[in-house]
Amino acid sequence: MKERNIELFKQRQLGLDDTFKFHCTMCGRCCINREDILLPPRDLYAMAKELNFTSKEFFDKYCEVFIGSDTRIPVVRLKPVGSVKRCPLLKDRRCSVHQAKPTVCALFPIGRFMLSEKSEGKLTKQKTGYFFVNPGCGDDSETQTVRDWLNAFGIPLEDPFFKVWQDALINLSMEMQRIEKSVGGELMDDIWSMVFWVMYIDYDMKKDFMEQFTEKQYKMIALLKALPLPKGGKK
C-alpha cells in the first residue's frame, strides 16, 4: 500500500513552477467531513501559541491521539465535531487560527511528501515533492503555481522542520515497532504515553519550537534504543 501511494504521488507530482487551477470561494466545505487533519508537533505548538494556550491545553480542548496502524507511533489529529465532522476550529465558517492554521490546511489543495533516494542501500538524497488534490470545492477560475501558492501562505520552499519531522517519523516508527515485538500491555501503553508527551506536549511556549523539537527527537530515539527489553518476546 505504501509503495502504491508513493507511485501515485510520483505520477501526480508537480514542480514548483508547474501550474494548477484553483480559486478558494470561502465556502468552508474543506473544513467539514474531516477526520484526517493530522497535526505534527509544530502545528500543535503554533496553534496553541496563537490562542495563548499551552500545548496541553490546546490538545485537551481540540485534539485526540491514536496509535498509527502502520507506524505504531502516536498520531495527533483535530477532533471532528458533530454529524458533519466539522473542524473544531471553524467558527462562523471561518478558521479561528487562520494565521497559524495546520500546514495541511495552508497547503490545501496541494499535498506534500518527502521523496528519498538511495544508492547502495544508503540514503543519498531527500527531496520534497508536491501534488495536486482535487478539492471538490472552490472553482478553477485562477491558475496558480506551486511556488506562488506556498509563498502566499508563508510556507518556506525549504522547510527544515518538514525534513526533520519525516526523519523523526521513520526513526521513531522503527524503534516503536521493534519495542512492541517484546513489550505489551500496560508497559507498552506507558511507552506510547511517554513518546506522545515528550514529542507533542512538553514544550516551553516562551522558547523557540525548533530548538526544543530537535533536541527532543534525538534524545527520544536514543532513549528508545537504550530501553531494556525482555528476552523471548512479549509475556
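Strand 2 and strand 9 (residues 139-145) run antiparallel and are joined by 4 bridges. In this pairing His 23 stands opposite Asp 139 of strand 9. The model described here is predicted.

**Aromatic pairs**

The count of aromatic pairs comes to 18. One of them is formed by Phe 22 and Trp 149, and it is edge-to-face, at 5.9 Å centre to centre with 75 degrees between the planes. Phe 22 belongs to strand 2 (residues 19-23) and Trp 149 to helix 5 (residues 146-152), so this pair ties together parts that are 127 residues apart in sequence. The relative accessible area of Trp 149 is 8%, so Trp 149 counts as buried, the limit being under 20%.

A further pair joins Phe 113 and Phe 131: the ring centres are 6.0 Å apart and the planes stand at 50 degrees, so the pair is tilted. Phe 113 lies in strand 7 (residues 110-119) and Phe 131 in strand 8 (residues 122-132), 18 residues apart.

| Residue | Relative accessible area | State |
|---|---|---|
| Phe 22 | 3% | buried |
| Trp 149 | 8% | buried |
| Phe 113 | 8% | buried |
| Phe 131 | 8% | buried |

One aromatic cluster is made up of Tyr 45, Phe 59, Phe 161, Trp 165, Phe 196, Tyr 200, Tyr 203, Phe 209 and Phe 213. The charged end of Lys 216 sits over the ring of Tyr 203, 4.8 Å from its centre. Elsewhere, Arg 112 lies over the face of Phe 162, at 3.9 Å from the ring centre.

**Nonpolar cores**

The largest nonpolar core has 42 residues, and Phe 58, Leu 78 and Phe 213 have the most contacts inside it. At least two residues of this core come from each of helix 2 (41-50), helix 3 (55-62), strand 4 (74-78), helix 6 (160-180), helix 7 (185-201) and helix 8 (209-226). Helix 7 gives the most, with 8 residues.

Apart from neighbours within four places in sequence, Leu 78 is in contact with Ile 37, Leu 39, Phe 58, Tyr 62, Cys 63, Cys 87, Pro 88, Leu 89 and Pro 102.

A second, separate core has 13 residues, among them Phe 20, Phe 22, Leu 107 and Val 146.

Technical notes: Residues are numbered from 1 along each chain as its sequence is written. This is a predicted model: local features need pLDDT of at least 70, side-chain atom pairs count only at pLDDT 80 or more; totals for chains, interfaces and linings use all residues. Side-chain values use heavy atoms; hydrogens and water are left out. Rings of Phe, Tyr and Trp (its six-membered ring) pair if their centres lie within 6.5 Å; planes under 30 degrees apart count as stacked, over 60 as edge-to-face and the rest as tilted. Buried means under 20% relative accessible area, exposed over 50%, partly exposed in between (1.4 Å probe, protein chains only). A charge sits over a ring if NZ of Lys or CZ of Arg is within 6 Å of the ring centre and within 35 degrees of the ring normal. Two strands pair if DSSP finds at least two bridges between them. A nonpolar core is a set of buried Ala, Val, Leu, Ile, Met, Phe, Trp, Tyr and Cys residues joined through side-chain atoms within 4.5 Å. Contact means heavy atoms within 4.5 Å.
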